[in-house]
Amino acid sequence: FLFSLAVHPLLSDLQKRHSSIWVLAYLDNVFLLGSLYGVLSAIKDLSDSMSEVGLSIAMHKCEIFSNGRVTECRSHQSIRVSSSGTLILGTPIGQPRFIESSCSDIALKGQTLCDQIVALNDPQSGMLLLCLCHVPCLNYLCRTVAPSLMQSAATLHDNLSRSTFQQLIKCPELNDEQWDQATLPIRFGGFSMLSSQSISSIAFVSS
């Protein structure tokens, strides 16, 4: 919050001086939208303004996303350059292949958590952690990424939930009917193992 207060006047001034680009920010995430040269110029001006108040831009965390002419800015202050896509507040945007791959990578990160849940050797605690921590972790992407690009990630996520659930209840394999019941809310006789595949369309449309 304090950082936001300090940087807000700088961003407001940057927008006035660079009217050809859009300056968007959320907390410490700043996005500059516009032509390549306009963005590069704004980055330099912002860096100079921040240095005057004792702040600096972490260039290694910055990224330029451009559909063309990426070679012209590859050497600019060590900023990463991408022509396929980037992440905006955790959501991948860009070419379809990049979006699908990024969503799948995010889904696969749940493997570590699920392994740790099983390693607890405590089904009661494990079930709560699975239901409250792992199962909902793709909900945000389901709301922000088109269902057609979420299919692979949603399938990976659901398969991981199902595998972990089976290990917790000491059942080597559930049939599809049994798993469908487990995905139902507790009030309907299930375990609230919500399926990302089943909610991706309605989550995206409702958002």
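A: Cysteine 171 is partly exposed, with a relative accessible area of 23%. The model is a predicted one. For the sulfur of cysteine 171, the closest cysteine sulfur is that of cysteine 114, at 17 Å, which is too far for a bond. Cysteine 131 is also partly exposed, at 21% relative accessible area. Its closest cysteine sulfur belongs to cysteine 133, and the 9.3 Å between the two sulfur atoms is again too far for a bond. A disulfide is a covalent bond between the sulfur atoms of two cysteines. The structure holds 0 disulfides.

Histidine 134 belongs to helix α5, which covers residues 123-134. Its relative accessible area is 0%, so histidine 134 is buried. Beyond the residues up to four places away in sequence, histidine 134 touches Gly110, Leu113, Cys114, Leu129, His157, Leu160 and Ser161. With serine 161 there is also a polar contact, made between the two side chains at 3.1 Å.

Histidine 18 sits in the loop between α1 and β1 (22-26). Histidine 18 counts as buried because its relative accessibility is 11%, and the cut-off for that word is under 20%. Apart from its neighbours within four places in sequence, histidine 18 is in contact with Gly38, Ser41, Ala42 and Asp45.

Helix α1 itself contains alanine 6. Alanine 6 has a relative accessibility of 39% and so counts as partly exposed. Alanine 6 and methionine 50 are separated by 44 residues in sequence, while their C-alpha atoms are 9.4 Å apart in space.

Next comes the largest pocket. Its volume is about 1200 Å³. The lining of the largest pocket consists of 38 residues, and those nearest the centre are Val30, Phe31, Lys61, Cys62 and Glu63. Two or more lining residues come from each of α1 (2-17), β2 (29-33), α2 (36-52), β3 (63-65) and β5 (85-88). By kind, the lining of the largest pocket has 26 nonpolar, 8 polar and 4 charged residues.

Two loops follow from the strands named there. Serine 78 lies in the loop between β3 and β4 (80-82). Its relative accessibility is 63%, so serine 78 counts as exposed. Leucine 89 is placed in the loop between β5 and β6 (91-94). Leucine 89 is partly exposed, with 40% relative accessible area. In sequence, serine 78 and leucine 89 are 11 residues apart, and from C-alpha to C-alpha they are 21 Å apart in space.

The backbone at leucine 89 deserves a note. Most residues other than glycine have a negative phi. Leucine 89 is not a glycine, yet its phi is positive, at about 50°. Serine 192 also has a positive phi, near 60°, and is likewise a residue other than glycine. Serine 192 is found in the loop between α8 (176-182) and α9 (196-206). Its relative accessible area is 22%, so serine 192 is partly exposed.

How values were computed: Residues numbered from 1 in each chain as written. Predicted model: local features only at pLDDT ≥ 70, side-chain atom pairs only at ≥ 80, totals over all residues. Heavy atoms only, no water. 1 Å grid on protein atoms, 1.4 Å probe; cavity = no way out; pocket = protein on both sides within 12 Å on 5 of 7 lines; lining within 4 Å. Points joined across faces, edges and corners; volume = space filled by probe spheres on them. Helix = DSSP H or I, 4+ residues; strand = E, 2+ residues; numbered from the N terminus. Nonpolar A, V, L, I, M, F, W, Y, C, P; charged D, E, K, R; others polar. Buried < 20%, exposed > 50% of the residue type's maximum accessible area, 1.4 Å probe, protein only. Polar contact = N/O pair within 3.5 Å; in protein donor to acceptor, adjacent residues only side chain to side chain. Contact = heavy atoms within 4.5 Å. Disulfide = S-S within 2.5 Å.
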